Amino acid sequence: MVRAFETHKIRKTQELSGSLWDFQTLPEEGEAVRLKTPVPGCWQSEPETLTYRGKACYERKFSASGNIRLEFKGVSHTAQVYVDDKMAVEHYNAYTPFSAVVKGLPAGEHTLKVCVDNSFGPDSALHVPNDYQTYGGITRPVVLEELADQYVAGLHFTPHLQEGQWYASVEASVVNLSEKSFEGRLELYLDGEGFVSLSIHAEPGKTASFSTGEIAFPQAEAWCPENPRLYLLSAVLCAQDGQQMDDLIDRVGFREIKTEGKNILLNGRKLRIKGFCRHEDHPQFGCSLPYAAMCRDLSLMRDLGANSVRTSHYPNDELFLDLCDETGMLVWEENHARGLSEEDMRNPNFERQCEDCIREMIEAHYNHPSIYIWGILNECASHTEYGRECYRKQLELIRSLDQSRPCSFASCQFKTDICFDLPDVVSYNIYPQWYHDTPVDVYLKDLYDWVQEETGGSGKPFLITEVGAGAIYGYRTPEKVKWSEEYQAQALEKQLSAIFSQEGCSGVYIWQFCDCRVCDSWFHIRPRTMNNKGVVDEYRRPKLAYEVVKRIYHSV
Ligand code: ADA
């Protein structure tokens with residue numbers, strides 16, 4: 001299902017997902033498996049390909065003519081897309097959208113073939129065996145659009161608050177597919193009310209960018225967690241004779257994020273983050289959670305008193321981000337990386353793959369008001385000079401793409417991190433009472449004071465981006481030993497109490513919302529080959545810690 005409001009009034013669109021496609025594995029040896037399988041979906045959800053890792057091919061027919069645009073919201077890990085056996089686009093990384101434009105298609109039926117590969121290999125710096133499972137498939141929706149010779153390619157809405165008055169600017173881009181230059185107008189509407197008309201000129205075969213500049217919206221209602229007011233932003237491209245050629249619709253919200261000293265401010269109000277880290281993972285659906293399952297995760301987080309979710313450790317499905325916009329759940333969204341060493345970061349493809357992921361993430365998710373911060377490189381080598389250069393370049397890239405949000409990274413480098421002068425917010429993953437038994441308040445104060453006294457992070461907002469403990473669902477014992485539900489409940493009680501008592505700390509993300517599958521090679525430190533630190537298990541069944549977190553989150 002594509003986004004409910006993504007209903008262009010002018011541009012012809014058809015959803016290619018929400019149906020069964022022809023599928024076959026392309027094993028290096030042995031018999032191929034042939035199936036009809038749902039898109040979006042993971043092939044590990046099919047009994048015949050539960051553990052298949054390698055290449056596979058999806059195929060289906062479609063009818064269209066003229067200029068078409070195929071948008072894939074996510075294909076894991078890599079995709080090669082063919083239209084009538086001609087390569088249209090290829091893409092690396094499961095977690096960001098990508099598209100292909102094919103010009104001048106003759107009317108009639110055509111063949112779409114998508115070759116997918118979920119194997120690990122030396123060319124992949126980010127999809128590596130890790131403490132989360134990676135799946136294979138066309139895991140997010142697919143949309144087919146028919147385009148005029150000129151179309152609206154992007155719309156970015158940047159609100160800001162000035163003396164209690166809302167303003168916003170809109171950056172738009174128009175692509176001219178024809179050999180002739182294009183003159184026309186771009187009409188912008190907010191909830192159906194026209195607010196600006198831009199004169200458009202686009203050279204043949206080029207993309208032209210335009211900005212409205214600051215425009216006052218005196219009647220605008222703010223977006224905030226308590227009242228997540230959304231508006232439909234529409235752009236209609238018209239030819240000089242007024243003929244409507246194309247349109248692009250997105251949803252936006254009037255909200256402003258700033259850091260001020262040690263505080264993160266939302267519309268001028270200090271934020272206190274009560275969050276969860278969440279993997280897109282489910283025992284029946286892999287990473288392709290159906291819409292109702294996404295809604296249920298958010299309902300449980302809201303019941304627990306959470307006000308934020310961290311998309312650990314990759315950009316999330318935009319349907320989930322839409323739900324966060326609609327329900328007022330703040331989002332820390334981060335690029336795809338987890339726990340990569342300096343050696344891993346020296347992979348010749350690492351920086352390009354990270355930077356591509358950042359560009360695609362921000363380009364596609366810029367307008368989501370729920371996203372209040374961009375993160376990068378979870379627990380990578382921010383204690384090394386080489387790593388520092390990567391962090392510096394990626395944070396600079398984020399700032400070049402979006403000056404309206406702070407940026408950060410989650411560090412596990414205790415007192416050896418050398419990068420805290422770079423981000424807007426200092427963030428740490430800590431596990432006292434799990435990986436070591438230091439009293440939480442002692443460990444946290446020691447770390448916080450070191451950051452203030454010894455690093456470039458002094459005086460910045462400070463977040464705990466991971467804290468938690470493991471528990472096997474159903475393992476109960478009065479001894480309260482580790483892996484018991486009782487132990488996890490008492491550990492989280494100590495951890496959260498200490499964190500909310502730590503001066504200068506802006507909040508916390510519990511690791512993690514639900515138990516998730518991990519790669520097979522992690523079995524030795526992950527019972528059930530699962531990461532068992534969920535407050536609910538993989539079937540979203542609450543553990544004893546659920547009521548502890550709920551009591552504390554609702555009390556702060
Ligand atoms: C790290 C990492 C998480 C998870 C966690 C754990 O902080 O960022 O992905 O692996 O540790 O469970 O130990």
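Strands here are DSSP runs of E with at least two residues, helices are runs of H or I with at least four, and both are numbered from the N terminus. Histidine 77, for example, sits in the loop between strand S5 (66-72) and strand S6 (78-83).

Before the points, a word on the model. It is predicted, so local features need pLDDT of at least 70 and side-chain atom pairs count only at pLDDT 80 or more, while totals for chains, interfaces and linings use all residues. Residues are numbered from 1 along each chain as its sequence is written, and side-chain values use heavy atoms, with hydrogens and water left out.

1. Let's stay with histidine 77 for a moment. The peptide bond that leads from serine 76 into histidine 77 is cis, with omega near 0°. That's worth a look on screen, because most peptide bonds are trans.

2. There is another cis bond to find, from serine 312 to histidine 313, with omega near -5°. Histidine 313 is in a loop too, between strand S25 (308-310) and helix H2 (318-327).

3. Now for some backbone angles. Most residues other than glycine have a negative phi. Tryptophan 483 isn't a glycine, yet its phi is positive, at about 80°. You'll find tryptophan 483 in the loop between strand S30 (462-467) and helix H7 (485-501).

4. On to the ligand. Which residues come nearest to it? Of the 13 around it, they are Asp131, Glu379, Tyr435, Glu466 and Lys533. A residue is near a molecule if one of its heavy atoms lies within 4 Å of it. The shell splits into 3 nonpolar, 4 polar and 6 charged residues. In this scheme Ala, Val, Leu, Ile, Met, Phe, Trp, Tyr, Cys and Pro are nonpolar, Asp, Glu, Lys and Arg are charged, and the others, Gly among them, are polar.

5. The protein covers 97% of the 320 Å² of accessible area that the ligand has on its own, an area computed by the Shrake-Rupley method with a 1.4 Å probe.

6. Have a look at helix H4 (residues 350-365) as well. Its 16 residues reach 22 Å from first C-alpha to last, close to the 22 Å expected at 1.5 Å a residue; that expected span is 1.5 Å times one less than the number of residues. Buried residues in H4 include Phe350, Cys354, Ile358 and His365.

7. Cysteine 514 lies in the loop between strand S31 (505-510) and strand S32 (516-517). It is buried, with a relative accessible area of 0%. Leaving out residues up to four places away in sequence, cysteine 514 touches His279, Asp281, Gly534, Val536, Asp537 and Arg540, where contact means heavy atoms within 4.5 Å.

8. Finally, serine 173 belongs to strand S12 (residues 165-176). Serine 173 is buried as well, at 15% relative accessible area. Among the residues that serine 173 touches, not counting those up to four places away in sequence, are Tyr151, Gly154 and Thr207.

Technical notes
Buried means under 20% relative accessible area, exposed over 50%, partly exposed in between (1.4 Å probe, protein chains only).
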